[in-house]
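Let's take a walk through this chain together, with the sequence and the 3D view side by side. We will go from its sulfur links to its strands and then to its charged pairs.

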Amino acid sequence: MRHHHACSRAHQVGALLLVAATFLLTRLFDRLLLDASSSSSPSFPLSIARPTSSSADLRIYVYSEDEIQGLGALLRGRDGTVAAATCLKGQWGTQVKIHQLLLKSRFRTFNKDQANLFFVPSYVKCVRMTGALNDKEINQTYVKVLSQMPYFRRSGGRDHIFVFPSGAGAHLFRSWATFLNRSIILTPEGDRTDKRGTSAFNTWKDIIIPGNVDDSMVKSDARAVQPIPLRKRKYLANFLGRAQGKAGRLQLVKLAKQYPDKLESPELKLSGPNKLGRIDYFKHLRNAKFCLAPRGESSWTLRFYESFFVECVPVILSDEVELPFQNVIDYSEISIKWPSSRIGPELFEYLESIPDERIEEMIGRGREIRCMWVYAADTEPCSAMSSILSELQRKVRRFHQSPETFWLHNRSIVNRDLVEFHSWRTPVPLP
């Protein structure tokens with residue numbers, strides 16, 4: 001039998017060259033992939049911020065004021081005189097917009113037994129500010145309304161949704177900690193420990209929503225005020241707001257007097273002949289590269305959201321702030337958060353060190369995600385409503401229980417008296 005000879009030197013050299021070439025090509029391919037991913041458009045795909053499954057996986061029942069005695073008062077006041085159109089203004093508007101959009105949503109169901117979430121409409125911030133309900137009446141009316149909801153009692157409120165759009169958050173309902181401590185709260189406010197000692201926001205069950213930017217500024221085809229080129233902006237930064245006796249804001253007002261060529265911070269008038277109108281406000285806001293957003297009465301500020309529509313980079317000066325849709329958005333791509341304890345000349349030195357190229361890049365990224373601040377129908381490819389529904393979809397449970405619910409071998413849900421759920425009578429006992 002003839003034996004094969006060992007590999008020649010030429011074969012060995014060829015093999016080594018093949019290994020080396022493979023290694024170099026692999027490194028080159030990895031580098032190309034890395035470069036492509038870093039230079040691609042946003043690192044936060046907007047498709048994630050929409051409900052991803054069919055409507056069968058998310059079914060929301062919207063309570064009607066006709067079916068619950070007292071619910072009408074939470075919507076229109078004790079005398080029913082507050083119009084929904086009145087409540088569309090300012091931060092009250094999200095309560096109205098979310099309600100109206102859910103009424104038209106493809107995820108709405110009219111069958112309570114098919115619903116996996118329940119929406120309780122209320123314009124309580126609006127009716128309180130207009131004097132149509134006082135704090136005591138709000139508290140009593142909420143308790144009365146909840147006692148007429150067997151489905152609320154069945155889950156301990158876990159599958160019920162409430163909107164509290166202002167800085168006060170759920171504290172508008174004084175007894176929220178007793179009755180809504182398991183419910184899903186939609187609010188722009190993540191912190192109220194400055195005055196109340198307890199925050200109504202719980203990151204594991206509640207959802208931070210965007211503030212209500214003036215409708216005239218969110219229309220992509222007809223915005224009341226258009227951004228101006230970066231090179232033509234007069235100021236490095238601005239703060240357009242009232243001092244309200246807050247340390248950070250007072251410091252900005254002081255700095256504006258020291259550095260009038262860098263920081264614009266006029267004294268805003270809320271009434272009288274010198275009142276700054278909405279359009280003029282946005283014209284001022286757009287005239288700086290950076291829009292400063294310090295804490296006010298509460299940790300969140302509408303100025304953060306408004307800055308995206310005049311295309312200045314928001315600088316958050318509020319340590320406790322909570323921002324919406326963090327499972328989708330990388331906020332370090334579109335904004336700056338600076339310690340409120342370091343508001344001073346150091347801040348301006350830092351902002352001046354940022355190249356215009358990086359500012360333009362951050363503005364461009366912000367332009368791509370600002371649609372998530374717009375309260376439009378969930379059929380839109382990108383909207384605040386689509387993003388909220390996506391968050392709500394993650395809250396859906398197959399089963400809910402509470403300390404007052406029990407179940408038997410035949411899968412029936414009963415109370416402590418072994419009364420089957422559909423035989424529960426209102427008012428149902430509340431905690």
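## Links, strands and charged pairs

Cysteine 87 has a relative accessibility of 0%, so it counts as buried. Keep in mind as you look that this is a predicted model. Cysteine 126 likewise counts as buried, at 0% relative accessibility. These two cysteines form a disulfide, with their sulfur atoms 2.1 Å apart. The torsion about their S-S bond is about -75 degrees, so this disulfide is left-handed. The pair links distant parts of the chain: cysteine 87 sits in the loop between α2 (71-76) and α3 (93-103), while cysteine 126 belongs to helix α4 (residues 124-129), 39 residues apart.

How many disulfides does the count come to? The count comes to three. As a reminder, a disulfide is a covalent bond between the sulfur atoms of two cysteines.

Cysteine 371 and cysteine 382 each lie in the loop between α13 and α14, so the pair ties together parts that are eleven residues apart in sequence. Cysteine 371 is partly exposed, with a relative accessible area of 23%, whereas cysteine 382 is buried, at 15%. If you count the bonded cysteines along the chain, the disulfides follow the pattern 1-2, 3-4, 5-6.

Now turn to the strands. Six of them form an open sheet with parallel pairing, in the order β2-β1-β3-β4-β5-β6. Which strands stand at the edges? They are β2 (108-109) and β6 (207-208), each with a single partner strand, so one side of each is left without a neighbour in the sheet. Within the sheet, strand β3 (residues 117-119) pairs with strand β4 (residues 160-163) in the parallel sense, over two bridges. To find this pairing in the viewer, pick phenylalanine 118, whose bridge partner in β4 is histidine 160. In general, strands of a sheet pair through backbone hydrogen bonds, either parallel or antiparallel.

The charged side chains come next. Side chains of opposite charge can pair when their charged atoms come close. The structure holds 20 salt bridges, and a few of them are worth a visit.

Start with arginine 153 and glutamate 404, which form a salt bridge whose closest N and O atoms are 3.9 Å apart. That pair links distant parts of the chain: arginine 153 is in helix α6 (residues 150-155) and glutamate 404 is in the loop between α14 (384-393) and β12 (406-407), 251 residues apart. Arginine 153 is buried, with a relative accessible area of 12%, while glutamate 404 is partly exposed, at 21%.

Arginine 367 and glutamate 311 meet through their side chains in a salt bridge with an N to O distance of 3.0 Å. This pair, too, links distant parts of the chain, since arginine 367 is in helix α13 (residues 356-369) and glutamate 311 is in the loop between α11 (302-310) and β10 (313-317), 56 residues apart. Arginine 367 is partly exposed, with a relative accessible area of 39%, and glutamate 311 is buried, at 11%.

The side chains of glutamate 361 and arginine 358 meet in a salt bridge, at 3.3 Å from N to O. Both residues lie in helix α13, three residues apart, about one turn of the helix. Glutamate 361 is partly exposed, with a relative accessible area of 39%, and arginine 358 is partly exposed as well, at 26%.

Technical notes: Residues are numbered from 1 along each chain as its sequence is written. This is a predicted model: local features need pLDDT of at least 70, side-chain atom pairs count only at pLDDT 80 or more; totals for chains, interfaces and linings use all residues. Side-chain values use heavy atoms; hydrogens and water are left out. A salt bridge is a side-chain nitrogen of Lys or Arg within 4 Å of a carboxyl oxygen of Asp or Glu. Helices (H or I, at least four residues) and strands (E, at least two) are DSSP runs, numbered from the N terminus. Buried means under 20% relative accessible area, exposed over 50%, partly exposed in between (1.4 Å probe, protein chains only). Two strands pair if DSSP finds at least two bridges between them. A disulfide is a pair of cysteine sulfur atoms within 2.5 Å.
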